[in-house]
Amino acid sequence: MAVDRDRVAAAVREMLEAIGEDPARPGLKATPQRVADAYAEFFAGVGEDAAAPLAHTISVSRGPAPDTLPSGAVMLRDIRFRSVCEHHLLPFAGRAHLAYLPGEQVVGLGALPKVVDVLAARPQVQERLGEQIADTIAASLDARGVLVVLEASHECVTMRGGRQPDAETVTVAARGALAEPAARAEIMMLVTGR
């Protein structure tokens with residue numbers, strides 16, 4: 001579903017009036033359309049299939065390198081993401097660290113950030129975002145385990161309320177074998193570098 005830019009622009013004009021501003025003044029005249037354009041980008045993942053980037057898999061045993069079967073986790077660290085908190089419509093941004101234990105199928109590493117991008121481009125909460133990424137990877141690949149660690153700074157924490165500019169939120173979602181505490185601890189040290 002595409003963002004209705006005209007409705008967003010009308011709502012922004014109304015909001016500007018509601019806070020006592022004049023949406024026709026020179027500095028704000030183009031703001032409603034700018035916000036509508038930004039929202040079209042921020043919420044491009046609404047209605048998109050997050051599993052689509054994982055549709056093309058590679059057979060481990062019959063693929064291009066059957067003599068190099070993975071015996072451990074496949075990890076991708078420091079995937080930059082940004083989203084918008086559904087509670088205050090303020091941005092949050094950070095890094096996603098992903099790991100999975102491959103079964104017979106693997107996926108090109110470039111597909112994993114695309115899953116993060118699609119799911120982050122929706123009104124979100126960080127906890128659900130991590131769970132959705134883990135569920136999408138677990139359901140789309142025959143992974144024996146999945147671990148998703150998200151580290152993010154939320155403007156609803158840094159700019160309002162408690163105003164803690166250095167606070168970061170860390171969430172963990174684990175599936176399969178990586179939900180076991182010992183396996184999860186080892187992979188967490190590797191993916192987060194801590």
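Student: Which residues are linked with Asp78 in a network of salt bridges?
Tutor: This is a predicted model. In it, a network of salt bridges takes in Asp78.

Student: Which strands hold Asp78 and Arg95, whose side chains meet in a salt bridge?
Tutor: The N to O distance in this salt bridge is 3.7 Å. The pair links distant parts of the chain, 17 residues apart. Asp78 is in strand S2, and Arg95 is in strand S3 (residues 91-101).

Student: Is Arg95 buried or exposed?
Tutor: Buried means under 20% relative accessible area. Asp78, its partner in the salt bridge, has 45% and is partly exposed. Arg95 has a relative accessibility of 17%, so Arg95 counts as buried.

Student: How many residues apart in sequence are the parts that Glu131 and Arg175 tie together?
Tutor: The side chains of Glu131 and Arg175 form a salt bridge at 2.4 Å, N to O. Glu131 lies in helix H4 (residues 126-140), while Arg175 lies in strand S7 (residues 169-176). The parts tied together are therefore separated in sequence by 44 residues.

Student: Arg82 forms a salt bridge with Glu41; what is the relative accessible area of Glu41?
Tutor: The closest N and O atoms of the pair are 3.6 Å apart. Arg82 is in strand S2 (residues 74-85) and Glu41 in helix H2 (residues 31-42). Arg82 counts as partly exposed at 33% relative accessibility. Glu41 is exposed, and its relative accessible area is 52%.

Student: How many salt bridges does the structure hold?
Tutor: The pairs described here include Arg82 with Glu41 and Glu131 with Arg175. For the structure, the number of salt bridges is 9.

Technical notes: Residues are numbered from 1 along each chain as its sequence is written. This is a predicted model: local features need pLDDT of at least 70, side-chain atom pairs count only at pLDDT 80 or more; totals for chains, interfaces and linings use all residues. Side-chain values use heavy atoms; hydrogens and water are left out. A salt bridge is a side-chain nitrogen of Lys or Arg within 4 Å of a carboxyl oxygen of Asp or Glu. Helices (H or I, at least four residues) and strands (E, at least two) are DSSP runs, numbered from the N terminus. Buried means under 20% relative accessible area, exposed over 50%, partly exposed in between (1.4 Å probe, protein chains only).
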